[in-house]
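Hi,

Here is the structure I promised to pass on.

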Amino acid sequence: MAWTRKILRVDLTNGTCTAEALNMAWANEYLGQRGLATKYLSEEIDPKCDPLGPDNKLIMATGPLTGTMASTGGRYSVITKSPLTGLVACSNSGGFIGAEMKNAGWDMIIFEGKSPEPVYLYVENDGAELRSAADIWGKTVWQADEILHKKHQDPQLRIACVGRSAEAGCLYAAVVNDLHRAAGRSGVGTVMASKNLKAVAVRGTLGVGNIADPKGFMDAVNAGKQVLADNAVTGQGLATYGTQVLMNVINGMAAMPTFNMKEVQFAGAEKISGEAMHEPRPSDGKPNLTTNAGCFGCTIACGRISTVDRGHFSVQNKPEYWGNSGGLEYEAAWALGSDTGIDDLDALTYVNFLCNEDGMDPISFGSTVAAAMELFQAGAITQEHTGGIDLAFGGAAALVKLAELTAKGEGFGRDIGLGSKRLCEKYGMPDLSMTVKGQEFPAYDPRAIQGMGLAYATSNRGACHLRGYTVASEVLGIPVKTDPLVTEGKAGLVKAFQDATAAVDSAGLCVFTTFAWSMENIAPQVDAACEGDWSVDRMLEVGERIWNLERDFNMRAGMTADQDTLPKRLLKEAANVGPAKGRVNDLDKMLPEYYALRGWSADGQITPETRARFGI
Amino acid sequence: MRVQLELYASLMRYLPPEADRHRVRVEIPVGTTPHDLLDRYRVPREQAHLVLRNGVFLHAQERDGAVLQDGDVVAVWPPVAGG
């Protein structure tokens with residue numbers, strides 16, 4: 001179904017749930033999910049509000065293709081003002097709950113205010129009510145999920161939940177759905193917990209409907225699925241090796257951030273790679289990877305389901321962690337492994353389990369631990385601070401201990417829960433924080449992949465790979481290969497990726513489809529599902545409008561253009577090995593052109609002409 | 001002259017038994033190109049999507065002309081992506 005034209009507004013302060021009509025004028029300008037929810041957020045809250053106060057709102061939003069038969073059409077996003085960055089947050093997740101929301105008849109759910117007591121929202125089709133969460137507050141995501149399923153006696157119930165880290169105020173807490181899929185970045189789970197909202201449980205049985213052109217939609221969807229099936233990446237590669245296949249690629253070209261981004265290559269990368277996850281373990285002959293897994297409607301199925309070796313120190317005497325669960329994706333494996341110098345695949349997998357179980361963004365958690373390790377190396381943090389934990393780089397036991405502490409908000413885990421920026425400021429060495437606008441970096445060193453430096457610096461949610469993944473072009477040759485070491489042409493490349501991704505997200509599709517699909521494959525699916533004409537040009541225009549709206553929100557929140565930058569390390573300290581040896585990121589060569597292409601002033605302001613063009 | 005060939009992901013099946021996880025050290029005559037090296041191990045050229053020599057990407061047209069030097073590392077992947 002395309003839009004259900006209905007949203008659910010939940011007033012947590014007064015305990016009411018109210019249906020209202022979707023603003024179709026906005027839907028026509030912002031499509032859905034990321035774009036449309038950002039429009040609602042932008043119109044309904046003061047961007048300067050306290051992100052953890054009752055004036056902030058939190059929106060769970062689907063796109064018009066969410067819940068349809070379109071491949072990967074199971075995505076939903078959580079949109080709010082981030083406590084980590086103070087800017088707009090939009091964290092996207094797969095699994096099944098997005099499709100379930102849509103099948104219950106809702107385009108989005110807007111949460112406002114703050115409940116006086118812990119509650120969860122129970123939705124069954126048109127019925128929605130807040131119920132006491134007294135019995136699940138203080139529980140992990142996995143425990144709460146089990147309790148709610150038993151309570152409602154419905155195995156088909158889909159649940160999104162925050163863990164103990166969010167309750168404890170960890171600033172990068174995630175909203176975890178379906179046990180191990182997560183709206184992971186920017187602390188959206190922290191906002192949810194701040195509202196005393198523990199979980200959202202949804203059951204939808206209304207089915208699929210409201211497709212504008214059903215036959216045209218089936219034709220477009222089938223054509224798209226054929227393209228995905230025929231493509232070597234989306235048809236075979238991602239299912240077999242997952243995103244983790246990048247570990248050896250990025251390390252091989254010396255673009256692997258290592259030791260808190262001091263270095264660009266990690267000697268232990270092979271031991272924690274996608275290929276290594278297939279290797280039989282000496283202890284029991286079983287590989288780390290049990291199987292792949294797919295989200296709702298997905299024909300790619302890149303997800304990892306893994307086990308930890310039962311003899312490994314991290315799970316000894318913990319049989320609850322001996323079963324299969326969500327395994328390592330590349331970003332988690334990098335942050336928990338390479339950035340901390342740890343090459344223990346079992347330890348990383350166990351910590352990844354904990355990140356799922358208690359809802360922590362593994363990128364921000366791993367990067368913050370890496371920063372703490374460098375602070376420890378510099379003497380700014382000592383074992384007195386850590387409660388006796390030796391934080392030397394490479395220490396798997398320390399990583400495991402910190403994950404357990406941060407998950408519960410105990411001991412030095414409270415400091416790790418601050419995120420890298422605040423941690424480094426607290427211990428007097430702010431330059432050691434590898435963040436943009438307060439959010440930790442993902443797994444690509446911008447000294448070796450120049451375009452990614454511009455993508456990080458200008459990302460509307462702080463350092464992020466999913467706002468403009470020029471790695472596809474600069475490294476992988478999708479859609480065309482560009483040289484990762486040159487800056488020429490990268491401003492246009494970054495803008496093109498940013499705009500297209502905003503449109504893909506807002507449709508309710510997974511960005512991984514774009515390894516095979518162009519907008520020529522996506523627009524016909526949206527066009528057939530939705531009222532009106534949705535051409536390639538219109539989709540890209542919508543993407544650009546969304547990008548400008550997010551920028552506008554951030555500027556109104558107090559962001560300044562001088563925050564469109566990178567940490568000094570990446571601008572001043574050259575890469576030590578590999579093709580980029582001797583290079584820093586040449587952001588200053590790309591940023592002015594980027595501003596010009598965006599229709600912004602030389603000092604990064606959205607010009608009146610650009611505002612008029614997009615109706616902002 | 002010796003070089004190192006590294007094969008990853010689904011191309012690992014073309015590694016010889018003596019390979020160490022991903023890599024094999026190879027004696028090659030002067031004038032050997034990356035394509036010569038791939039042919040020697042029967043790696044289908046059409047599956048060699050990402051070819052790095054010492055970490056630097058080689059375009060398809062360079063794989064016939066870029067003569068390998070002693071100590072070079074040639075790493076090869078099929079079409080892959082992630083994120």
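Below is what I found in it, from whole chains down to single residues.

A word on conventions: this is a predicted model, where local features need pLDDT of at least 70, side-chain atom pairs count only at pLDDT 80 or more, and totals for chains, interfaces and linings use all residues. Residues are numbered from 1 along each chain as its sequence is written, while chains are lettered from A and ligands numbered from 1 in the order in which they are written.

**The two chains**

Chain A has 24 helices and 17 strands (DSSP runs numbered from the N terminus, helices being H or I with at least four residues and strands E with at least two). Its radius of gyration is 22 Å, close to the 25 Å from the globule rule for 616 residues, so chain A is as compact as a globular protein of that length. (That radius is taken over C-alpha atoms, and the rule is 2.2 Å times the number of residues to the power 0.38.) The C-alpha trace of chain A spans about 60 × 55 × 45 Å along its principal axes.

Chain B has one helix and five strands, and from the N terminus they run β-β-α-β-β-β. For its 83 residues a compact globule would have a radius of gyration near 12 Å, and chain B agrees with 12 Å. Its C-alpha atoms fill a box of roughly 35 × 30 × 20 Å along the principal axes.

**A sheet in chain A**

One open sheet of chain A has six strands in the order E8-E7-E12-E9-E10-E11, with mixed pairing (strands pair if DSSP finds at least two bridges between them). Strands E8 (127-132) and E11 (181-183) of chain A are at the edges with a single partner strand each, so one side of each has no neighbour in the sheet. E8(A) pairs with strand E7 (residues 119-124) of chain A in the antiparallel sense, over six bridges. Within E8(A), A:Ala128 stands opposite A:Val123.

**Helices that meet H21(A)**

Which helix comes within 9 Å of helix H21 (residues 536-557) of chain A, axis to axis? That is helix H20 (residues 519-529) of chain A, and the two axes cross at roughly 95°. This makes H20(A) roughly perpendicular to H21(A) (the class for 65 to 115 degrees; under 35 is roughly parallel, over 145 roughly antiparallel and the rest oblique). Axes here are lines fitted to C-alpha atoms, for helices over the stretch in contact, with angles from 0 to 180 degrees between N-to-C directions. H20(A) brings A:Met519, A:Glu520, A:Ile522, A:Ala523 and A:Val526 to the contact, and H21(A) brings A:Val536, A:Met539 and A:Leu540. (Contact means C-beta atoms, placed from the backbone, within 7 Å.)

Helix H2 (residues 33-44) of chain A also meets H21(A): their axes come within 10 Å and cross at roughly 35°. Among the residues that meet are A:Thr38 and A:Lys39 in H2(A), and A:Ile546 and A:Phe553 in H21(A).

**Two single residues**

The peptide bond from A:Ile478 to A:Pro479 is cis, with omega near -5°. You'll find A:Pro479 in the loop between helix H18 (471-474) and helix H19 (490-507) of chain A.

A:Asn210 has a phi near 65°, which is positive in a residue other than glycine. It sits in the loop between strand E12 (197-203) and helix H7 (214-230) of chain A.

Cheers

How values were computed
Two residues are in contact if their C-beta atoms, placed from the backbone, lie within 7 Å.
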